[in-house]
Amino acid sequence: MAIDTKMKILIVDDFSTMRRIIKNLLRDLGFTNTDEADDGTTALPMLQTGKFDFLVTDWNMPGMQGIDLLKHVRADEKLASMPVLMVTAEQKREQIVEAAQAGVNGYIVKPFTAQTLKEKLDKIFERIDG
Amino acid sequence: MEQQENLLSSENVTKVKNLLALMESGELEKAQDCLDQLSEVRENEMYQEIGKLTRELHDSINTFGLDDRLSDIAEDEIPDARQRLAHVITMTDEAANNTLSAVENSMPLCDKLISETRSIEDGWKRFSNREITLSEFKTLSNELKSYFEANTACASIINENLNNVLMAQGFQDLTSQIIKRVISLVEEVETSMVNIIQLSGNTSKVKSKDDEKDSSGLDGPVVPGLETKGTVSGQDEVDDLLSSLGF
């Protein structure tokens with residue numbers, strides 16, 4: 001299984017520090033082609049340009065929340081198959097179930113470790129390849 | 001009740017009898033005087049009642065805790081606390097960004113050290129095995145010289161970055177102090193609120209915590225020691241939940 005580390009990843013979080021942390025962790029895993037957005041409203045038009053292969057998003061953000069961004073992505077014909085990893089502080093069972101039903105590919109709760117991020121990414125790519 | 005008994009005192013009964021007698025005998029002026037006296041009794045009672053009510057109101061206000069302290073809290077200390085908390089956000093933000101910058105600046109330096117070490121490693125091995133020519137040795141020697149210089153420079157920058165990380169942790173002390181002050185303010189407000197609720201006698205229906213919670217919004221991070229109903233305790237439980245859903 002060869003993961004394409006050149007894939008373009010969009011990181012969406014309203015806190016710039018969290019975006020930086022995720023960006024650095026991804027770079028450490030070999031993914032250097034990343035871009036950032038601070039909420040769903042700014043992320044969606046970026047995604048619609050078709051330049052991105054993977055989405056990492058927070059849930060709780062001003063403007064458009066992560067769950068709505070996920071729903072928009074799944075509803076958009078061109079973006080529907082894009083893998084989406086949610087990285088969030090929301091730990092309610094019903095929310096995790098809601099995200100799963102909306103078609104999320106992975107769900108990480110904050111605070112998280114570099115190891116967790118790697119595991120979830122591996123798992124997502126494993127499923128896509130399989 | 002007391003006032004009503006006063007009204008029926010024998011003195012007043014006599015006055016009324018007098019009034020009746022005076023009116024029947026047609027002595028208008030004296031009847032008028034008598035009537036005035038009677039209404040004066042009535043007015044005095046009203047003033048006494050008002051006085052009593054005023055005193056009770058005054059006492060209630062005092063015991064109500066609606067003193068200077070509460071208005072101080074509302075006017076000054078709550079806005080002050082808000083500013084302090086905003087400052088906490090600023091400080092934690094700065095600390096996180098300074099730390100991230102230091103780490104981001106150090107990582108390429110570490111990568112550089114690793115790759116430079118690798119590049120001279122081979123030459124050094126051959127030198128150790130005495131497989132090297134004199135001209136190669138000269139090149140290696142120059143490479144080593146520049147490696148040592150670069151190494152020292154890199155390490156001192158990394159050292160400086162680590163120092164920045166160290167210094168950035170100062171936020172913990174400062175933010176804790178601010179947050180502690182805000183906590184004690186919240187405690188004070190809580191006590192005052194409880195007093196007001198008790199004094200106003202409205203103790204009958206205190207809603208349970210569950211009823212009060214707004215279930216529509218997002219809860220954010222779970223705080224240890226607070227209500228954690230319906231939440232997972234960490235990544236393992238998230239994974240379990242998702243795998244039970246077929247993930």
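Which side chain meets that of Arg93(A) in a salt bridge?

A: In this predicted model, the side chain of Arg93(A) meets that of Glu237(B) in a salt bridge, with 3.3 Å from N to O. The pair crosses between chains, since Arg93(A) lies in helix α4 (residues 93-102) of chain A and Glu237(B) in helix α8 (residues 235-244) of chain B. Arg93(A) is partly exposed because its relative accessibility is 36%, and Glu237(B), with a relative accessible area of 27%, is partly exposed as well.

Another salt bridge is formed by Arg20(A) and Glu104(B), whose closest N and O atoms are 2.9 Å apart. This pair joins two chains, because Arg20(A) belongs to helix α1 (residues 16-28) of chain A and Glu104(B) to helix α4 (residues 68-128) of chain B. Here Arg20(A) counts as buried, at 17% relative accessibility, whereas Glu104(B) is partly exposed at 22%.

Within chain B, the side chains of Arg84(B) and Asp80(B) form a salt bridge at 2.7 Å, N to O; both residues lie in helix α4, four residues apart, which is about one turn of the helix. Arg84(B) is partly exposed, with a relative accessible area of 24%, and Asp80(B) is partly exposed at 31% relative accessibility.

In chain A, Asp13(A), Asp58(A) and Lys110(A) are linked in a network of salt bridges. Over all chains, the structure holds 15 salt bridges.

Key. Residues numbered from 1 in each chain as written. Chains lettered and ligands numbered in written order. Predicted model: local features only at pLDDT ≥ 70, side-chain atom pairs only at ≥ 80, totals over all residues. Heavy atoms only, no water. Salt bridge = Lys/Arg side-chain N within 4 Å of Asp/Glu carboxyl O. Buried < 20%, exposed > 50% of the residue type's maximum accessible area, 1.4 Å probe, protein only.
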